[in-house]
Amino acid sequence: MDDPQRMDRRQAVKWMLAASATVSILQLPTLGGGPARSGYGTDPNLLEVYKPGDFWPLTFSKEQRRSVAALCDVILPADERSPSATGLKVPDFIDEWISAPYPRQQADAKVVLPGLEWLDAEAARRFHAPFADLSEAQKNKICDDLCSVQKAGRGFERAAQFFAKFRELAMGGFYSTPEGMKDIQYLGNVPLAKFDGPPPEVVAYLKLP
Amino acid sequence: MGPYDFKPRSRDGLGIDWPYTYDDLAPYYDKVEALIGVFGSNEGLENTPNSPPGILLSPPRPRAYELLIKNASAKLQVPVIPSHLAILTQALDAKKVSALLHPNDPRAAGTLTDAMRNRLPCIWATPCGRGCAIRANYQSTTVHLPPALASGNLDIVTDAMVREVIVAPNGKATGVHYIDKKTGQEVQARARVVVLAASGCESARILLNSKSGLFPDGLANSSGKVGRYLMDTVGSDLSGQIPALEGCPAYNEDGVSGMHLYTPWWLYQQQLSGKLDFPRGYHIEIGGGREMPGVGTFEDLDDLTGGGYGKKLKEDARRYYGSFVGFSGRGEMIPNEDSYCEVDPDKKDAWGIPVLRFHFKWSRHEEKQAAHMQKTFAEIIDAMGGKVLGKPQLDGKKAIAPGGSIIHEVGTTSMGADPKQSVLNQYCQAWDVKNLFVTDGGPFVSNADKNPTLTIMANAWRSCEYLLGAMKKGEL
C-alpha cells in the first residue's frame, strides 16, 4: 500500500475528476445525463485527504499494473519534450478512473479490464511471456496490430477498440498534468487582468481581419 | 426568450401559448440581468431581444477559432454574435444596480450593494463549472443567498427531502412534510404560503404525492395536467478538425468557461414561408481550440491519423491540439401528449417517497430539426476548410440526443389561462389552491431554443411580486 512510486490518493482522485470535468464544454450535458442508475453513494470530498481504498477500492492487481505501465510507455514514451507516461504516474490515473463507480468510468472498465487480459494472453501466445516482459520490438509488433480501429485486421477489432480506449485514457491523464500541458503548449488556467483575444502573431498566422 | 416564444400556437398553430406576452416579462428579464450580471451585445436580431442600454456587461473578445467560425458562417449567411453568459467581465456598478432594483427600499438596496461588492470580475482562469471562488460566475449560492441571509428574513433548512404539501380541511396549503436526510426523522414546516421550486418534474412529483381526501389525484391536479407536457431541449453535436489551425502560435485561449460567440436561430423567415420541413429553431453553441486538455481531447485522433502510438503519437498530439472545433445545436421541442411523468406505482426512493416514471417521445418536428443541425454544422466545417470527424448524421432519429440528456427538463406544472387546461395561472399560482405556487421550470408551456434559466428567474420574480402584493392586500 505504501509504495513510494504511487501517487498520493488525493492527487489521483483530483486529477481524475479534473480531467473528466474538462472533457469538453460541449459534452457536459451528456456526462451526468441519462437515467439515474442505482446509487453509488456520495462523491469524495476533495478537501479531505484519503488513503487508497477509503471510498472506492482500486482495481488493478500487481500483474495488471505491470501490463498497464508497460502499455502506457509504449503509447507515450519519454522524448525530448516530456517524460514517459509512467514518469507522470499515468497508471495511477487509469486505475483511479476505471475504479470510480460512475457510469462512464464503469463502462470504460468493461473495455479496459478484458483488454488487459487479452493483451497478456496475446503476448503469451506469440512470445511466451507477459506483455510487460517483452522486448520493445515484440511489444511494438503487438501494438502495430491494434493501434488503429479502422485498419485492425480480422480478429483484432475488439482489441483495437480496447487500445483506442486505453490510449484515450492514457492521453487524457498524460496531457492533464503540468508536464503534458507544457508539451502541447496549453498556456491557460493562469489568472489574467484582462483577456485580449488572439495576439498579433495569431491574427497574422490565421489572416484574421 | 423572444416575443414569438411566448405565443407559439398563435404563430404557427403548434404547441401551447403562454398566458402572458413577452412584454409582460421583459421588465423582469432586465432586472434579472442587472442583478446577476450578464455579458453580451444588442444585435437587434429577429426574436432575439435587446436589453435596455446599460444592462449588459461588455462581451469578451472572440477567440481565434471563433473568428474562423464566424468568417465561415458569414459565407453561409449564418450570423455569429457575442454570447450572453452570466459571468462578470467587469465589476458590477453595485450602487447603481441596487438602486435600480430597490428604488423605494434603502435597506434592501444597502444589503444588495454590500453583497454585490463581494463579487469580483473574471480572472479568465479556472473552470466556472467547478464553482467560482471570486463569485464572478453567477451561482445562486454565492449571488442570491448571501444578501438574502443578510436580510435576516431567511432560514435555510438543508438535507430536507420534501414528501408532500400539507393541506388543511379548508383546502389551503399549510406547509410541507419533509424527511431530515441526516436523521431520517419526519418533520413538518408550517407556512402561510407554499412556493415549490424543486425543479421541473420534482415539483410535479411533490404535487402528485400530496394525495388526500380533498385531492385524491394529487394536489392542484383537478385539470389532470400535473406531469403533462414534459419538455427537454433538442440536442445534436458535430466536431471538425481545421488544418488552418495546425501550427498556429500558442496563446492562452481560456477566456471564460464557455463560448464567447454563438449563433442565435436565424431562419425565422424561411420557416414562415414554408421553406423548412420543421417549425421551430435552434441556436448553435461553439467550442474548441486550445481549451484545457483532459480525457476526450484526443478521442478523434484515430479518425485523423489512422491510429498510432509512441513518439509519433506525441508528435500528432502537438500537431492537432488546438485544431478541433465543435458545434452543439440546442433547439426547441414542442410539447406533446406522449411526453409526461407520473408517480411510479411500485418504486420508492431511499426515503420511502414514490419516484416518478417518465414517458418521452420526440416528434418529427424535433428529429428533422436535429438533422438540419448536422447538415449545417458539416457545411460550416466544410466552409472552414476542415474535416468533419465521424460523419454528419442526417437521419434525425439518430442525430437527436435522448430526451433528458440536455438537462433542460421543463413543463409538468403548466401555466395557462384556463383552469381546466392548466395547473397554474399566469402568476404561477395553483388554480386549485390559492396559497400554493410553483416557480421553477415546471410552469413553462413552450421550451424555446434559448436556455431556460433566465426565463425561470424572470418568471419567478414576476410571480413573487404578485404574491407579495396579494399578501399585502390580505388575499393570502
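**Close-ups of a predicted model**

View 1. Strand E3 (residues 173–180) of chain B runs antiparallel to E4(B), and five bridges join the two. (Strands are DSSP runs of E, at least two residues, and helices are runs of H or I, at least four, numbered from the N terminus; two strands pair if DSSP finds at least two bridges between them.) One of these links is B:Ile179 with its partner B:Glu186 in E4(B). The open sheet has three strands in the order E2-E3-E4, with antiparallel pairing. Strands E2 (160–167) and E4 (186–190) of chain B each have a single partner strand, so one side of each lacks a neighbour in the sheet.

This is a predicted model: local features need pLDDT of at least 70 and side-chain atom pairs pLDDT 80 or more, while totals for chains, interfaces and linings use all residues. Residues are numbered from 1 along each chain as written, chains are lettered from A and ligands numbered from 1 in written order, and side-chain values use heavy atoms, without hydrogens or water.

**View 2. Helix H4 meets helix H7 in chain A.** In H4(A), A:Phe93 and A:Trp97 are among the residues that meet a set in H7(A) including A:Phe166 and A:Leu169 (contact means heavy atoms within 4.5 Å).

**View 3. Cysteines of chain A.** Zero disulfides turn up over all chains (a disulfide needs cysteine sulfur atoms within 2.5 Å). A:Cys72 is in none, and its nearest cysteine sulfur, in A:Cys143, is 11 Å away. A:Cys72 is buried, at 0% relative accessibility (buried is under 20% relative accessible area, exposed over 50%, partly exposed in between, with a 1.4 Å probe and protein chains only). The sulfur of A:Cys147 is 7.6 Å from that of A:Cys143, too far for a bond.
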